[in-house]
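Hello,

Here is the structure we talked about. My notes follow below it.

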Amino acid sequence: PGRCPATCECLEAAKTVKCVNKNLTAVPPDLPSYVRNLFITGNRLARLPAGAFPAQRLPDLSALNLSGNHLRDVEAGALAALPALRQLDLSGNPLVSLSPQVFGEGGSPLEELALRGALRDHGVLLSLATMLQSGVLRNLSRLDLADNGLLMLPAGMFTALPALRQLDLSNNSLVGLRNVSFHGLGQLQSLNLSNNSLAVLRNSTLAQFRGLPALRHISLGRNTWVCDCAVEDLVTWLKESDQVESKEALTCAYPDKMLGKALLKINGSDLNCSVPIDLPSQLQTSYVFLGIVLALIGAIFLLVLYLNRKGIKKWMHNIRDACRDHMEGYHYRYEINADPRLTNLSSNSDV
């Protein structure tokens, strides 16, 4: 247990072992038991199976860096035998499978989790959401999900992280936060949403930000803000809030006439919001108005019928008599054509 693997560099005084860029395909089985900080980076592990770290062999390991290892599969129980693990870095791995039970059935003391550039596969994102929602990482205080090209986040992904203090969602492609809930993150201090594709933040999201007492640092730079009437709530919040970092630098990306204009300098006359832009509400109002008009037309029609009931009755009788006379004429002609004698008589009379 006190030896150092041949492919690694061991610093016993610092309780640190580094196995960097050694083309390893598996975790070295003979790691010294004193290790607290373990770096296995730049290798070719590809797979982290259950029991990758032998039980009871690394009781003090608190920081584990597995970044850049070409990892694709992290199986259930792969990190279950690390009772002191506080920091885990899986960044830069092209994960295609991440088991929600990677820490085993019980809870984990993990406090920091970095997955920067490791969630390109949507299935892995869903597995991570399942893991977070299960409550196994209730001690997590820092979560790094940057550089993953994320468009949307699974609903309720962060609801079981009461100790979370820092959340990094920067350098993604997030287009909205409508289904993202920040409720329950009472300890959240820092939220990085910079360099995404956010066009607007709705009132529901802004209300959640206002309701987080510890949240003091929100980064919103380098987003594609659309400065139409929907941005009014965001502008109002920016002017009254002290949570947003460098808010003076936030500028409009669309439309062209507003390009480059600072959000803090926008006023109502710039947006021309006299016409409502809430299309669903506008359509609903139109349908209601159309229903009222049709009901009014129907009522008028019924009233006209009632007032002219006698004339309508006489008109119906006249139509009935006309139809009867017409049908009797057809019947008479049919009887003549059907009787040969009457047909001959009619022919002789014509002659």
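The side chain of Asn 223 has a polar atom 3.5 Å from the backbone nitrogen of Ser 197. The backbone oxygen of Leu 193 lies 3.1 Å from a polar atom of that side chain. (A polar contact is an N or O pair within 3.5 Å; within protein, one atom must be able to donate a hydrogen and the other to accept it, and sequence-adjacent residues count only if both atoms are side-chain atoms.)

This is a predicted model: local features need pLDDT of at least 70, side-chain atom pairs count only at pLDDT 80 or more, and totals for chains, interfaces and linings use all residues. Residues are numbered from 1 along each chain as its sequence is written, and side-chain values use heavy atoms, without hydrogens and water.

Asn 223 sits in the loop between β13 (217-219) and β14 (225-226). Strands are DSSP runs of E, at least two residues; helices are H or I, at least four; both are numbered from the N terminus. Asn 223 is buried, at 7% relative accessible area (buried is under 20%, 1.4 Å probe, protein chains only). Beyond neighbours within four places in sequence, Asn 223 contacts Leu 193, Ser 194, Asn 195, Asn 196, Ser 197 and Leu 198 (contact: heavy atoms within 4.5 Å).

Now the helices. The axes of α2 (203-210) and α3 (232-240) come within 10 Å and cross at roughly 20°. Axes are lines fitted to C-alpha atoms over the stretch in contact, with angles from 0 to 180 degrees between N-to-C directions. The pair is therefore roughly parallel (under 35 degrees). Asn 203, Leu 206, Phe 209 and Arg 210 of α2 meet Asp 233, Leu 234, Trp 237 and Glu 240 of α3.

Best wishes

Notes: Buried means under 20% relative accessible area, exposed over 50%, partly exposed in between (1.4 Å probe, protein chains only). Angles under 35 degrees count as roughly parallel, over 145 as roughly antiparallel, 65 to 115 as roughly perpendicular and the rest as oblique.
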